[in-house]
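Here is a friendly walk through one protein model, from its ring pairs to its surface. Have your viewer ready and follow along.

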Amino acid sequence: MGSLLFAAQRRTEPAPTAHEHRPASSAMRCDGLKVLFVVAAAIAFATGTSWGSFGILLPIGGEMLMGVDAPELVIPALGAVLAGAVLGDHCSPISDTTILSVTGAGTSLPLHVNTQLPYALTGGVASALGYAVLAVTGNGLVGLAVAVGSVIAIVLGVRATGVARAARA
């Protein structure tokens, strides 16, 4: 419903004039993607729903980058919203999926959340680094390589320090 109202409202606005669009600086591009990722994660964590965050932030992210004349970053911006919202939902103790998982597994909520945080934060850190590199370089493949490299580095770092063995003992 909100998307339909947004679309209807956009039809009634006057067409933008040439002086309203100016090229985005690299700082805006970099900050925009990182902000979208972090805000989506925060909203999803606070509300416990990734889908609600999608509905709120996808139109905002698209318009934000189209407004600064950066259409090449619209898809990465939407990806940042999706990744951030899923991260926040996965970490949230009030998420419906978290509560259903706890009920199905017959465990306590704090225990389940504590066991899921390392996995979610590993993906979140890797995604944040990947989006930061993508925003600076403008190259999606470089951002993907940094994200995958970050996951590998974190896993090897945890394995080398013995954190996983200490946690199991």
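A search of the whole structure, which is a predicted model, finds 2 aromatic pairs. Here, rings of Phe, Tyr and Trp (its six-membered ring) pair if their centres lie within 6.5 Å; planes under 30 degrees apart are stacked, over 60 edge-to-face, and the rest tilted. A pair of aromatic rings is described by the distance of the centres and the angle of the planes, and the table lists both values.

| Pair | Centre to centre | Angle between planes | Type |
|---|---|---|---|
| Phe 37 and Tyr 131 | 6.0 Å | 40 degrees | tilted |
| Trp 51 and Phe 54 | 5.2 Å | 70 degrees | edge-to-face |

Trp 51 and Phe 54 are 3 residues apart in helix α3 (residues 50-67), which means about one helical turn separates them. Trp 51 counts as exposed because its relative accessibility is 67%, whereas Phe 54, at 12%, counts as buried.

Before moving on, a word on conventions. Residues are numbered from 1 along each chain as its sequence is written. In this predicted model, local features need pLDDT of at least 70 and side-chain atom pairs count only at pLDDT 80 or more, while totals for chains, interfaces and linings use all residues; side-chain values use heavy atoms, with hydrogens and water left out.

Now for the overall fold. The protein has 8 helices and 0 strands, where helices (H or I, at least four residues) and strands (E, at least two) are DSSP runs numbered from the N terminus. Of its 169 residues, 28% count as buried. Contacts are heavy atoms within 4.5 Å, and among those with a separation of 6 or more, 67% join residues 24 or more positions apart.

In soluble globular proteins, nonpolar side chains tend to be buried together. The largest nonpolar core here has 21 residues, and Leu 33, Leu 65 and Leu 87 have the most contacts inside it. Such a core is a set of buried Ala, Val, Leu, Ile, Met, Phe, Trp, Tyr and Cys residues joined through side-chain atoms within 4.5 Å. Two or more residues of this core come from each of α2, α3, α4 (74-91) and α6, and α4 gives the most, with 7 residues.

Ser 50 lies in helix α3 and is buried, with a relative accessible area of 8%. Leaving aside residues up to four places away in sequence, Ser 50 touches Ala 44, Ala 85, Val 86 and Asp 89. Thr 98, in helix α5 (residues 96-105), is buried at 5% relative accessibility. With the neighbours up to four places away again not counted, the contacts of Thr 98 include Asp 89, His 90 and His 112.

Finally, consider helix α7 (residues 140-161), where Leu 141 is found. At 65% relative accessibility, Leu 141 counts as exposed. Gly 140 is also in helix α7 and is partly exposed at 44%. The C-alpha atoms of Gly 140 and Pro 76 are separated by 8.0 Å, although these residues are 64 apart along the chain.

Conventions
Buried means under 20% relative accessible area, exposed over 50%, partly exposed in between (1.4 Å probe, protein chains only).
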